[in-house]
Amino acid sequence: MLDVHRLTKLSVQKGMNRMDREAKPVPSLCQVYQDHFLIGAAVNARTILTHESLLTQHFSSITAENEMKFEELHPALDRYDFQRADALVNFAEQHGMKVRGHTLVWHNQTPSFVFSHSDGTARTREQVLAILREHMTTVMGRYKGRVYAWDVVNEAVSDADDRELRDTPWLRQVGEDYLSLAFEMAHEIDPNAQLFYNDYNETHPGKRERIYRMVKSLLSRGVPIHGIGLQGHYRLGQPPRDEIRDAIERYASLGVKLQVTELDVSTYAWNDQSREVQVQVQDARSQERQAQRYEELFSLFRAYKDVLTGVTLWGIADDATWLDNFPVRGRKDWPLLFTEDHVPKPAFWVVVDEATR
Ligand code: GLA
């Protein structure tokens, strides 16, 4: 069991000791940030039940972890399944939370019927676009006025320096204009929705410039794109603070809004793919280093609150995180602000302090 009340060096430095914490009511994270930006969490149909009290106390926005992805909403050409996505949207409405829609056009978790006939032959450009239009009309139409922002396109930019766009079925079968067409359709279907381009490794200088060039080119052609989502899957030491700041500055120079859409801070280095790790608890030293990292991140986010309209964590508490299975299956990680027992970690307290600094 995690010793969550263990005194850390950091909390001593900040003048908050164990007695203080126990005496002090836990403030609402989204309330302390209400003059800055929305505080979001990725949720699923299970965590809205198992993590209900943390969600309703601390978060002003939710994103569906999987429930609004193409294959979940639209598993067969003539069949939609809105049950779980509806449950999430209803939950948000009952509790006065906003909903980010995630995601309409992506190369993952998209069924093969979008690109091929049942006999395996490829669909034409026009057929793929007709399916996309029908999908977007149905999905965005259903949640019009209830989902305030959509990640219209996710992860379209290449990680490799020798090409601009990722090689995907969307690109191969539709052509480069799948990007502008997707944003134009989205705007036509829900003119009030804020439309985002979302990506990972978004602070890496080479990829940052590719994302910048792509969004700049869309904007110069009048394509309705309102924001860039920085996924924010970070680690204790990476990427460096200055690299994150440079990315925020560069994207903000385009005149679009920014959101951190999938924030977590893994306790493992990126290149640590060891399967031998037997650690079962996050010790005080790791909690302290992570708190310092969260402090660094939120001080940066606060400094850019004029362009940054939301920070969404990719999960709620350390008992339910995708990082338990990525990149090493079954290896425990502790990337979030609340322990496996749903108690605020040192990182939570420094993030609260940052709001009022
Ligand atoms: C990407 C996607 C998310 C999620 C994470 C990993 O960042 O945008 O929807 O799948 O990977 O869980």
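**Helix H14**

I began with helix H14 and listed its buried residues: Pro 346, Ala 347, Phe 348, Trp 349, Val 350, Val 351, Val 352, Glu 354 and Ala 355. I kept in mind that this is a predicted model. H14 covers residues 346-356. Nine of its 11 residues are buried, so the helix is largely enclosed by the rest of the structure.

**The ligand**

Next I looked up what surrounds the ligand. I found Lys 69, His 102, Trp 106, Asn 154 and Glu 155 there, along with Gln 231, His 233, Glu 262, Trp 314 and Trp 322. I sorted this shell by class and got three nonpolar, four polar and three charged residues.

Then I checked distances to oxygen atoms of the ligand. A polar side-chain atom of His 102 lies 2.5 Å from one such oxygen. For Glu 262, I also read 2.5 Å from a polar side-chain atom to a ligand oxygen. For Gln 231, the corresponding distance is 2.7 Å. I turned to area after that. Taken alone, the ligand exposes 300 Å², and the protein buries 86% of that. I looked at the pockets too: the space taken by the ligand is the largest pocket.

**Thr 203**

Last, I picked out Thr 203. I placed it in the loop between strand S5 (194-199) and helix H11 (205-220). Is Thr 203 buried or exposed? Its relative accessible area is 4%. The cut-off for buried is under 20%, so I noted Thr 203 as buried. I also compared its position with Ile 39, which is 164 residues apart from Thr 203 along the chain. Their C-alpha atoms are separated by 21 Å.

Definitions and conventions: Residues are numbered from 1 along each chain as its sequence is written. This is a predicted model: local features need pLDDT of at least 70, side-chain atom pairs count only at pLDDT 80 or more; totals for chains, interfaces and linings use all residues. Side-chain values use heavy atoms; hydrogens and water are left out. A residue is near a molecule or strand if one of its heavy atoms lies within 4 Å of it. A polar contact is a pair of N or O atoms within 3.5 Å; within protein, one must be able to donate a hydrogen and the other to accept it, and residues adjacent in sequence count only if both atoms are side-chain atoms. Accessible areas come from the Shrake-Rupley method with a 1.4 Å probe; for residues, only the protein chains shown count as cover. On a 1 Å grid over the protein atoms alone, a cavity is a set of points where a 1.4 Å probe fits but cannot get out, and a pocket is an open set with protein on both sides within 12 Å along at least five of seven lines; lining residues have an atom within 4 Å of a point. A molecule sits in a cavity or pocket if more than half of its atoms lie within 2 Å of its grid points. Ala, Val, Leu, Ile, Met, Phe, Trp, Tyr, Cys and Pro count as nonpolar, Asp, Glu, Lys and Arg as charged, and the others, Gly among them, as polar. Buried means under 20% relative accessible area, exposed over 50%, partly exposed in between (1.4 Å probe, protein chains only). Helices (H or I, at least four residues) and strands (E, at least two) are DSSP runs, numbered from the N terminus.
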